[in-house]
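This report concerns one protein structure, shown below. Please keep the sequence and the model at hand while reading.

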Amino acid sequence: TELRTRVFDELESQGKRAREAEDQAALLVMTLSEAADLEAAVREHIKEMDQVFFGVLARFQALSEQRQDTQRAQKLAAILETAINVIEEKLPPDVRLVNKLLRADYPDGTNAVLEAHRGLLTDAFVKTLDQYVTDLEQHHDDELAGHLKQVRAQITAKRTILRG
């Protein structure tokens, strides 16, 4: 009985910590949604943005879309995009480009991203992209790996045209 009580207390404690983290994330989403300058607010709170924050933000956005609250869904999407952009500023250009390509729709979205970053489509970038594909395949994320393989074919075509 004593062991059961300790296990129950520990589970209750973990549940409480999880709820508190989600509540903090929800408050942060509200703060950002009310900000006059979203980018400045994101920069101010960037250290508070963790997996829980992004999970809550995604849940709120999906719920807004489900309820056809277009304005709120767009605001939440803007928060997400701004947060990602601020975080990505610290990444090397090739990694930033891979992340943009992962988020872009194939083929039109990825083509637009590639056109905007033609100067980065080097042999070194293709090697980086190939490493991402390998890593994704090893983690059994075939959908994202397939997406990047399609993008790689676009890059090959663009590089061939540039040489021609």
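## Basis

The structure is a predicted model.

## Nonpolar cores

The largest nonpolar core contains 17 residues, and V29, L32, V42, M49, F53, L57 and I79 have the most contacts inside it. Helix 1, helix 2 (38-45), helix 3 and helix 4 each give two or more residues to this core. Helix 1 provides the largest share, with five residues.

Apart from neighbours within four places in sequence, V42 is in contact with L32, M49, T82, A83 and V86.

## Largest pocket

The volume of the largest pocket is about 260 Å³. Two or more lining residues come from each of helix 1 (2-34), helix 3 (51-66) and helix 4. The lining consists of V29, M30, S33, F60, L63, S64, R67, D69, R72, K75 and L76.

Sorted by class, five of the lining residues are nonpolar, two are polar and four are charged. V29 belongs to the pocket lining and is also among the residues with the most contacts inside the largest nonpolar core.

## A buried glutamate

E88 is part of helix 4 (residues 70-88). This residue counts as buried because its relative accessibility is 4%, and the cut-off for buried is under 20%.

The side chain of E88 makes a polar contact of 3.4 Å with the side chain of N99. When neighbours within four places in sequence are left aside, the residues in contact with E88 are R96, N99, K100 and R103.

## Backbone in the loops

Most residues other than glycine have a negative phi, and most peptide bonds are trans. The following residues depart from that pattern.

Q68, in the loop between helix 3 and helix 4, is not a glycine, yet has a positive phi of about 60°. Q68 counts as exposed because its relative accessibility is 70%, where exposed means over 50%. H140, which is likewise not a glycine, has a positive phi of about 60°. H140 lies in the loop between helix 7 (123-138) and helix 8 (142-163), and is exposed with a relative accessible area of 69%.

The peptide bond from Y106 to P107 is cis, and its omega is near 5°. P107 is located in the loop that lies between helix 5 (93-103) and helix 6 (108-116).

Definitions and conventions. Residues numbered from 1 in each chain as written. Predicted model: local features only at pLDDT ≥ 70, side-chain atom pairs only at ≥ 80, totals over all residues. Heavy atoms only, no water. Helix = DSSP H or I, 4+ residues; strand = E, 2+ residues; numbered from the N terminus. Buried < 20%, exposed > 50% of the residue type's maximum accessible area, 1.4 Å probe, protein only. Polar contact = N/O pair within 3.5 Å; in protein donor to acceptor, adjacent residues only side chain to side chain. Contact = heavy atoms within 4.5 Å. 1 Å grid on protein atoms, 1.4 Å probe; cavity = no way out; pocket = protein on both sides within 12 Å on 5 of 7 lines; lining within 4 Å. Points joined across faces, edges and corners; volume = space filled by probe spheres on them. Nonpolar A, V, L, I, M, F, W, Y, C, P; charged D, E, K, R; others polar. Core = buried A, V, L, I, M, F, W, Y, C linked by side-chain atoms within 4.5 Å.
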